[in-house]
Amino acid sequence: MHILYNIATHIATFFIWLSSLFNSKMAMFVAGRKNTFKDLSGAIKATDATIWFHCASLGEFEQGFPIMEAVKNKFPEHKLIVSFFSPSGYEIKKNTPIADVVVYLPLDTPKNAKRFIAKAHPSVAIFVKYEFWPNYLFELEKQKIPAVLVSGLFRENQVFFKSYGNFMRKALRTFNHLFVQNKASRTLLKSIGIENSLISGDTRFDRVSHQIEQDNSLAFMDSFTENKLCIVCGSTWPEDDAVLVPYINAAPENVVFVIAPHKIDPEKLHKLAQKLKKPTLHYSSLQQQEEASSAPTVIIIDTIGLLTKIYSYADIAYIGGAMGNTGLHNILEAATFGVPIVIGNNYDDFPEASRLQSLAGLFSISNADELRQIMDKLVEDANFRNKAGMIAGHFVNSNTGATAITMQYLETLLQPTP
């Protein structure tokens, strides 16, 4: 099976290269990996002590960040290597100050795994939530380098739990320890004979809980939301726009909206603005004083890095991704500010959403009419809105602590032997 996996990986490599000739994202995927070993050699010396974090994309980076921060504070003599599989994660975080070097992870071939680990030579390799690359895991095991999974989340439909999943189960068993988010994940691991797991919770709760302690003020939001009720629509996709636009166009005069699309595509943002009947401006236009005085009802955010702070101004938050199949985005960034959450109905793979819905701090909709009904109730009934927001805020506060649990174990790996 290992041989077949390696053959499939080489075939996939060819098709990825071929698609890069026609797809800009895949072109970044291919081009970025050409510099990985050069970047590692430039940042990491043979004598350096290092810790390697691997994140699939941006969401996993945010999930791993509290542990990166704790490791950096506890073991400042170690250099941090952060690798990404996805261009969307790498491009946004390639200059993050938490890491000493940020690279693309080369595709999972035995040669790449051996070369990468030789150059990185980590004291421990930490994989965040998803992505289990067999050749990397087998090479780590061969070199007796501990591998740890943090904020892991397993589902019954994954290959590990299928009759034909023996090869991937073998890779999973190379982990020295697996920290998982919930009891269901630990039960699944036990069902295939993996006992070295612990329920730690989700480190994203730790990440977002610290945000409320930061300075989240934004001058343009101060004036925009004054004496208004603010609905923030974060990380939206076209499927979300389809249900949001009718509501926005018919919303009461005292309600203002911020739309922060997941992808900043000028042409698509322009088309979105054309569908809106309310006075609408792009964030970049607010820099021009004469346009800023036109008192918009809708602001479309056409830059990155502001959404987390913008959530602090929200009275209600709509979080995108679950109206389609792209995946629900982080609901906790808004919930930490005590904001009721509205999402689409495709969120089965996101247990935090199911839990918050069961507590009545989150509401799921499947069409524009359902969105209008719940938004009308949240807007018109302040007691209902405030109670749902209080539930959301408490939900975050009561689920912190995963970082501390994980760090107790990592300290036993990284503390020098007396």
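Student: Why is Ser-200 called buried?

Tutor: Buried means under 20% relative accessible area (over 50% is exposed, in between is partly exposed; 1.4 Å probe, protein chains only). Ser-200 has 9% relative accessibility, so it counts as buried. This is a predicted model, where local features need pLDDT of at least 70, side-chain atom pairs count only at pLDDT 80 or more, and totals for chains, interfaces and linings use all residues. Residues are numbered from 1 along each chain as its sequence is written, and side-chain values use heavy atoms, with hydrogens and water left out.

Student: What does Ser-200 touch, not counting residues up to four places away in sequence?

Tutor: Phe-179, Val-180, Ala-402, Ile-405 and Thr-406, where contact means heavy atoms within 4.5 Å.

Student: Why is H4 called oblique to H20?

Tutor: Helix H4 (residues 58-74) and helix H20 (residues 402-414) pack at about 45°. Angles under 35 degrees count as roughly parallel, over 145 as roughly antiparallel, 65 to 115 as roughly perpendicular and the rest as oblique. So H4 is oblique to H20.

Student: What makes up the contact of H4 with H20, by class?

Tutor: There are 6 nonpolar, 2 polar and 2 charged residues. Ala, Val, Leu, Ile, Met, Phe, Trp, Tyr, Cys and Pro count as nonpolar, Asp, Glu, Lys and Arg as charged, and the others, Gly among them, as polar.

Student: How do you know that S8 and S12 pair?

Tutor: Two strands pair if DSSP finds at least two bridges between them. Strand S8 (residues 229-236) and strand S12 (residues 316-319) are joined by 4 bridges and run parallel. Gly-234 has Ile-319 in S12 as its bridge partner.

Note on methods:
Axes are lines fitted to C-alpha atoms, for helices over the stretch in contact, and angles run from 0 to 180 degrees between N-to-C directions. Helices (H or I, at least four residues) and strands (E, at least two) are DSSP runs, numbered from the N terminus.
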